[in-house]
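Hi everyone, thanks for making time this morning. I'd like to walk you through one model, going from its sheet to its helices and then to its core. Have a look at it first.

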Amino acid sequence: MELAVRVTPRGGRDQVAGLWRDAAGRCYLAVKVAAAPADGAANDAVRALLAKWLGVPRGAVALLHGAASREKRFRLAGDPAALTAKLEELEQAA
């Protein structure tokens with residue numbers, strides 16, 4: 001399963017902040033991390049946060065695209081139904 005993520009580095013604390021839509025209507029999972037975007041620190045923090053939030057091992061989250069961008073795409077390994085349910089919970093809470 002792939003997940004589009006919009007990252008705010010130096011966001012104060014590591015947290016999943018909800019859903020975010022760009023001007024074209026594409027939906028992203030909004031994530032804030034305390035790490036700065038230097039030497040891959042923010043990307044590593046996002047991987048760790050997503051793994052914890054989704055309840056999967058850190059190795060189950062891989063960055064596919066956007067290493068130097070706020071908009072990133074991650075591949076998630078695990079039960080697709082459980083991952084989808086977690087995202088739907090977030091959408092309903094918004």
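Before we start on the sheet, one term: I'll say that two strands pair if DSSP finds at least two bridges between them. With that in hand, β1 and β3 run parallel and are joined by 4 bridges. Please keep in mind that this is a predicted model.

Across one of those strand pairs, V7 stands opposite V31 in β3. Hold on to those two residues, as they will come back.

Now the whole sheet. What is the order of its strands? Reading across, it goes β2-β3-β1-β5-β4, an open sheet of 5 strands with mixed pairing. β2 and β4, the latter spanning 61–65, are the edge strands, each pairing on one side only. From one strand to the next, the twist averages 40°.

On to how the helices sit. α1 packs on the sheet and touches β1, β2, β3, β4 and β5. The direction of α1 makes about 105° with that of β3. α2 also packs on the sheet, where it touches β1, β2, β3 and β5. Its direction makes about 75° with that of β2.

Let's stay with α2 for a moment. This helix has 14 residues and reaches 20 Å from its first C-alpha to its last, close to the 20 Å expected at 1.5 Å a residue. Which residues of α2 are buried? Those to look at are L83, L87 and L90. They cover an arc of only 55° around the axis, so they lie on the same side of α2. On the other side of α2, A81, E89, Q92 and A93 are exposed. And what covers the buried residues of α2? The cover includes β1, β2, β3, α1 and β5.

In soluble globular proteins, nonpolar side chains tend to be buried together. Here, the largest nonpolar core has 24 residues, and V5, L29, V31, V33, V46 and L50 touch the most other members. At least two residues of this core come from each of β1 (2–8), β3 (27–32), α1 (41–54), β5 (71–76) and α2 (80–93). Which element gives the most? That is α1, with 8 residues.

Finally, let me zoom in on V46. Leaving aside its neighbours within four places in sequence, V46 is in contact with V5, V7, V31, V33 and F74.

Technical notes:
Residues numbered from 1 in each chain as written. Predicted model: local features only at pLDDT ≥ 70, side-chain atom pairs only at ≥ 80, totals over all residues. Heavy atoms only, no water. Core = buried A, V, L, I, M, F, W, Y, C linked by side-chain atoms within 4.5 Å. Buried < 20%, exposed > 50% of the residue type's maximum accessible area, 1.4 Å probe, protein only. Contact = heavy atoms within 4.5 Å. Expected span 1.5 Å × (residues − 1). Arc of directions from axis to C-beta. Axes fitted to C-alpha atoms, helices over the stretch in contact; angles between N-to-C directions.
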